[in-house]
Amino acid sequence: MDFTPSEEQAAAQGLAARIFGDLSTHERLTAAGTGTDAELWKELCAAGLPAAVEDVGLLGLVLILEEQGRTTAQVPLAATCVYGLLAVAAHGTPEQRERLLPGLRDGTAVATGAFPARGGVHIAEDGALYGAVPWVPWLRDATHVLVADAERGLWIVRTGEPDVTAVPVETTAPWSAGRLVLDGVRGERLGNGQPGAYADVLATARTAFAGLQAGVCAGSLARAVHHTVTREQFGRPLSTNQGVLLRAADAHMDTEAIRVTAYEAAWRHDERRACAAQALTAAWWASEAGKRVVHAGQHLHGGTGADLDHPVHRHFLWGRQLDAYLGCGGEVLEELGLLLAHSSQEGAS
């Protein structure tokens, strides 16, 4: 395994770090409220970052999303890249790629996904889609939704269709989410219904959102370090307290575990190797360890961390939202155990 970024991946990460660092400020985030920063999204698309994901691969996307997570930038980058660009590029027909990819590259189209499949969407005998998904991230911004039906078939649904309803829902983090209701809409099947497409998109999503969590945790920890180094108590910095040092060290190790497991899953995906178990491992670390890190980041700020308007509180909200979105640790661990047991039985036979 070699996680060293290529020249293109490093350039994309550097560009993302500059744009997010310059534009995703505390003041802009406050002004955006619980919605998307439309101007920041335009800037990212003008710089060609979404389009670059096809060239830099999933590992490159993870590196870009780390930079988004550091600043908790409120843009639909992860969803558009995972459920739009990468899904269509990998599994769409030539006609779908030609028609859909240009808009996803330049930001005029925004994608999201009703994932994972939980049996909420069914196909009627006439081929129409019916059902509801309680909440879908960035649905309020989306022009297209990648819907997974109860049989794990993948359908592209346009949000502007009359039989599609998006009811605004406020989630823990400001993800412009909504409740998706399908009442007989005619979806467009992604590709030709190839087996394995659902599993590939799900593994890609888990890996990408784990990378986003690595950035959220790194940003939370950086704020905590700055606070404890500059804040004094009894004539010395808080960072000289052994309890503070140990808590920060644990948070650092957890953050690195999230990062390296996301890198491994992304690298294996880009190398066309089996990565389902690695994606679940990354999701488990992002869920369980991510939760610990953002709690530690807020705790190390002391009373300041209880201020809902303080920047570190955004990292806390994002960390908890990603924990829930990835499936929570116990649920992910159960799925990983079943996958490993099944693989072991296949190997024995």
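1. A definition first: two strands count as paired if DSSP finds at least two bridges between them. Keep in mind too that this is a predicted model.

2. Which residue in β7 is the bridge partner of A132? The partner is V181. The two strands involved are β3 and β7 (residues 178–185), and they pair in the antiparallel sense over six bridges.

3. Now follow β3 to its other pairing. Strand β3 (residues 129–136) also pairs with β2 (residues 121–123), again in the antiparallel sense, here over three bridges.

4. Look next at how the chain gets from β2 to β3. These strands form a hairpin, with five residues between them. In the turn you will find G127, which has a positive phi of about 90°.

5. Please turn to the open sheet. Its four strands come in the order β1-β4-β5-β8, and the pairing is mixed. At the edges are β1 (111–114) and β8 (188–189), each of which pairs on one side only. As a reminder, strands of a sheet pair through backbone hydrogen bonds, either parallel or antiparallel.

6. Do β1 and β4 run parallel or antiparallel? They run parallel, and four bridges join β1 to β4 (residues 144–148).

7. Helix α5 (residues 77–91) lies across β1 and β4. Its direction is at about 95° to β1.

Methods:
Residues are numbered from 1 along each chain as its sequence is written. This is a predicted model: local features need pLDDT of at least 70, side-chain atom pairs count only at pLDDT 80 or more; totals for chains, interfaces and linings use all residues. Side-chain values use heavy atoms; hydrogens and water are left out. Contact means heavy atoms within 4.5 Å. Axes are lines fitted to C-alpha atoms, for helices over the stretch in contact, and angles run from 0 to 180 degrees between N-to-C directions.
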